[in-house]
Amino acid sequence: MEILRCENLSKVYGTGDACVKALDDVSFSVEAGEFVSIVGPSGSGKSTLLHILGGVDKPTEGKVFIGGTDIHALNENKLAVFRRRQIGLIYQFYNLLPVLNVDENIVLPHLLDGRRLDRERLDRIVESLGLTERRNNLPGQLSGGQQQRVSIGRALFNHPAIVLADEPTGNLDRKNGAEIVRLLKEANRSQKQTLLLITHDESIALQADRMLCLEDGRIIRDERIRLTGGDVQ
């Protein structure tokens with residue numbers, strides 16, 4: 001079942017001689033439960049694409065459908081609600097609130113949505129992230145790897161239709177980076193969580209089901225890496 005479709009996305013910054021085309025007529029779709037890596041050189045449009053897919057930025061042209069909803073046709077209030085409920089965002093720089101502890105950072109978007117807190121789910125997520133002994137700690141009392149685990153928990157807590165991760169291992173050493181990828185893959189495999197992940201690390205990209213390669217704002221390659229069951233194609 002298709003969970004994401006983007007049609008003819010373009011994004012232009014500036015005008016005249018200062019005009020920069022960050023995305024140039026990008027179209028693709030993603031099936032529910034897919035793990036898709038997005039690669040390409042710096043300036044190729046990867047982060048711009050992810051921000052548009054996540055409703056954080058608007059395309060100059062084109063459409064994005066998530067679960068059949070044209071997200072950029074929504075007004076700002078409706079888009080904010082849609083993002084909280086349907087899109088999990090994970091950034092390189094964690095974006096945790098420094099005055100909130102682990103539990104509070106994980107559930108904040110859920111509570112902002114006015115929904116009842118599912119404490120059993122919170123307990124399961126905190127345990128799966130290996131943060132049970134740290135749940136009362138503030139971000140400043142956590143390592144970089146632990147902070148990124150909190151951001152993963154926050155992204156997953158609402159059962160989003162799709163998780164978008166922008167270089168989630170970029171600020172971590174190899175050991176912690178590998179653990180973050182393992183946690184994301186586990187959510188993808190066990191919960192059928194759809195995942196799009198930007199990375200410069202080829203070894204991470206090749207763990208996905210599929211890889212999109214961007215260059216100069218265009219998709220130049222769309223490859224199936226793994227068949228069901230994990231075989232390399």
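Two strands pair if DSSP finds at least two bridges between them. Keep that in mind while walking through this predicted model. Strands of a sheet pair through backbone hydrogen bonds, either parallel or antiparallel.

Start with the sheet of four strands. It is open, its order is E2-E1-E4-E5, and its pairing is antiparallel. Strand E2 (20–31) and strand E5 (69–70) are the edge strands, and each pairs on one side only. Helix H1 packs on this sheet and touches E1, E2 and E4. The direction of H1 makes about 125° with that of E1.

Now follow the pairs. E1 and strand E4 (residues 61–66) run antiparallel and are joined by five bridges. Look for Ser10: its bridge partner in E4 is Glu61. Next come E4 and E5, which pair in the antiparallel sense over two bridges. Here Phe65 has Asp70 in E5 as its bridge partner. E4 and E5 form a hairpin, with two residues between them. Gly67 sits in the turn and has a positive phi of about 60°.

Stay with E1 for a moment. Strand E1 covers residues 2–13, and Cys6 is in it. Is Cys6 buried or exposed? Cys6 has a relative accessibility of 1%, so it counts as buried. What does Cys6 touch, leaving out residues up to four places away in sequence? The contacts are Val26, Ser27, Phe28, Leu53, Lys63 and Val64. Asp113 is another matter. Cys6 and Asp113 are 107 residues apart in sequence, and their C-alpha atoms are 26 Å apart in space.

Back to helix H1, residues 46–53. This helix is mostly covered, with six of its eight residues buried. Which residues of H1 are buried? They are Lys46, Thr48, Leu49, Leu50, Ile52 and Leu53. After H1 comes Gly55, whose phi is positive, near 75°.

Move on to the sheet of six strands. This sheet is open too, with the order E6-E7-E8-E3-E9-E10 and mixed pairing. Strand E6 (87–90) and strand E10 (218–224) stand at its edges. Each has a single partner strand, so one side of each is left without a neighbour in the sheet. Neighbouring strands of this sheet are turned by 15° against each other on average, direction ignored.

Strand E9 (residues 210–215) pairs with E10 in the antiparallel sense, over six bridges. Glu215 has Arg218 in E10 as its bridge partner. Helix H2 (residues 76–86) packs on the sheet, where it touches E6 and strand E7 (162–166). The direction of H2 makes about 75° with that of E6.

The next stop is a helix pair. The axes of H3 and helix H5 (residues 144–156) come within 7 Å and cross at roughly 30°. That makes H3 roughly parallel to H5. The crossing of the two is right-handed. Which residues of H3 and H5 meet? From H3 come Val102, Asn105, Ile106 and Pro109, and from H5 come Val150, Gly153 and Arg154. By class, this contact of H3 with H5 has four nonpolar, two polar and one charged residues. An α-helix has 3.6 residues a turn, so residues three or four places apart point the same way.

Helix H3 spans residues 102–112, and Asp103 lies in it. Why does Asp103 count as buried? Its relative accessible area is 15%, and buried means under 20%. Beyond residues up to four places away in sequence, Asp103 touches Leu122, Val126 and Arg135.

H5 and helix H6 (residues 174–190) pack at an angle of about 15°, with their axes 10 Å apart. They are therefore roughly parallel to each other. H5 passes H6 in a right-handed crossing. On the H5 side, the contact is made by Gly145, Gln148, Arg149, Ile152 and Leu156. On the H6 side, it is made by Asn176, Glu179, Ile180, Leu183, Leu184 and Ala187. By class, the contact of H5 with H6 has six nonpolar, three polar and two charged residues.

Technical notes. Residues are numbered from 1 along each chain as its sequence is written. This is a predicted model: local features need pLDDT of at least 70, side-chain atom pairs count only at pLDDT 80 or more; totals for chains, interfaces and linings use all residues. Side-chain values use heavy atoms; hydrogens and water are left out. Buried means under 20% relative accessible area, exposed over 50%, partly exposed in between (1.4 Å probe, protein chains only). Contact means heavy atoms within 4.5 Å. Axes are lines fitted to C-alpha atoms, for helices over the stretch in contact, and angles run from 0 to 180 degrees between N-to-C directions. Angles under 35 degrees count as roughly parallel, over 145 as roughly antiparallel, 65 to 115 as roughly perpendicular and the rest as oblique. A crossing is left-handed if the near helix is turned anticlockwise from the far one by less than a right angle, and right-handed if clockwise. Ala, Val, Leu, Ile, Met, Phe, Trp, Tyr, Cys and Pro count as nonpolar, Asp, Glu, Lys and Arg as charged, and the others, Gly among them, as polar.
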